[in-house]
Amino acid sequence: MSVDLSAVQAAAERIRPFVHRTPVLTSSTFDAELGAHLFFKCENLQKVGAFKARGAVNAVLSLPEAERAEGVVTHSSGNHAAALAYAARICGVRCTVVMPDTAPAIKATAVRGYGADIVWCKNAERQATADRVLAERGGTFVHPFDRDEIIAGQGTAALELLDEVGAVDVMVAPVGGGGLLGGTAIVTKSRCPEARVIGAEPEAVDDAYRSLQSGVRQPAVPTPQTIADGLLTGLGERNFAILQERDVEIITVDEPAIVAAARDVLERMKILIEPSAGTVLAVLRREPERWRGLRIGLVLSGGNTDFAWLER
């Protein structure tokens, strides 16, 4: 399977009964601040509290029945873990999730709530631990971001956004492994060829920025320290190629800017987002003069948080 607009449209039909069509909100406060027209796609209000439900449901529903019956396995710090557990539950299949011991407690609780088993590991040992679990238990590995069905599913958020508000000049989404940004880029460049696609990345985990600057996919930061825990993973191979082909730009932001953006969305728009989602507003604030008069779509990726960042 190669991911194109038709694959995203097929994913949208496949997952429709199992995910929310999340609202698109606007804010006169942020419009005035940036002199632009902002459209916030609220994936913080999605099933499992994040866009990840889209890709996980699409991936599990796309599996042949025989493979699905053997169960699914993944590694994730939280949102994909909960999403795959949710997708497995609605399909009635076994799910095992490898989680780093740094994962927020609220995300582990959600994974267990959907009926999945958790195997803990060190952050650097995710894939090795998942490989061991697969050898012991069997099943299909569903990569959190570097899988075509995942990328197509994540792209459905941007598809809904553009269906609702029409063409945009700029589309912004967070980037960690790149599944959301890759799917967003595919949809945006297919629907609005002249639009700019921007990836929002924490400075502390800047491998996507360095990868696109150098033209060579860079290794993940070995011991990343960022409040945006949903963006800790390195950029995936498939997604790197998608971002290169579509001339995606990565803008990085520091920790205070991320925290301020997430707090301001809570205070001004009255919706709770996790810090990873705050990166999209933070990158616009970094270079406000670039966006004057433009129509800008922003994907608020999730809302799963234990509120620890508010202490910052």
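User: Which residues touch the most other members of the largest nonpolar core?

Analyst: Keep in mind that this is a predicted model. Its largest nonpolar core has 36 residues, and Val 8, Leu 181, Val 187 and Val 248 touch the most other members.

User: Which elements supply at least two residues each of this core?

Analyst: Look for α1 (5-15), α8 (148-165), β7 (170-174), α9 (179-191) and α11 (237-245). Helix α8 gives the largest share, seven residues.

User: What does Val 187 touch?

Analyst: Leaving aside residues up to four places away in sequence, Val 187 touches Leu 5, Val 8, Gly 155, Ala 158, Leu 159 and Leu 162.

User: Some of those numbers are spaced by three or four. How should I read a helix?

Analyst: Here is the general idea: an α-helix has 3.6 residues a turn, so residues three or four places apart point the same way. Now try α8 in this structure.

User: Where is the kink in α8 centred?

Analyst: Find Ala 157: a kink of about 25° is centred there. Just after the helix, Gly 166 takes a positive phi of about 85°.

User: How many residues of α8 are buried?

Analyst: The helix is mostly covered, with 16 of its 18 residues buried.

User: Now for aromatic rings. How do I describe a pair?

Analyst: A pair of aromatic rings is described by how far apart the centres are and by the angle of the planes. This structure holds two such pairs. In one of them, Phe 30 and Phe 40 are 6.0 Å apart, centre to centre, with 55° between the planes, and the pair is tilted.

User: Why does the Phe 30 and Phe 40 pair tie parts together?

Analyst: Phe 30 lies in helix α2 (residues 28-34) and Phe 40 in strand β2 (residues 37-42), so the pair joins parts ten residues apart in sequence. Phe 30 is buried, at a relative accessible area of 1%, and Phe 40 is buried too, at 0%.

User: What about Tyr 86 and Tyr 114?

Analyst: Their ring centres are 5.8 Å apart and their planes stand at 70°; angles over 60 count as edge-to-face, so this pair is edge-to-face. Tyr 86 sits in helix α5 (residues 79-91), while Tyr 114 is in the loop between α6 (105-113) and β5 (117-121), 28 residues apart.

User: Is Tyr 114 buried or partly exposed?

Analyst: Tyr 114 is partly exposed, at 22% relative accessibility, whereas Tyr 86 is buried, at 6%.

Conventions. Residues are numbered from 1 along each chain as its sequence is written. This is a predicted model: local features need pLDDT of at least 70, side-chain atom pairs count only at pLDDT 80 or more; totals for chains, interfaces and linings use all residues. Side-chain values use heavy atoms; hydrogens and water are left out. Rings of Phe, Tyr and Trp (its six-membered ring) pair if their centres lie within 6.5 Å; planes under 30 degrees apart count as stacked, over 60 as edge-to-face and the rest as tilted. Helices (H or I, at least four residues) and strands (E, at least two) are DSSP runs, numbered from the N terminus. Buried means under 20% relative accessible area, exposed over 50%, partly exposed in between (1.4 Å probe, protein chains only). A nonpolar core is a set of buried Ala, Val, Leu, Ile, Met, Phe, Trp, Tyr and Cys residues joined through side-chain atoms within 4.5 Å. Contact means heavy atoms within 4.5 Å. The bend at a residue is the angle between axes fitted to the seven residues ending there and the seven starting there.
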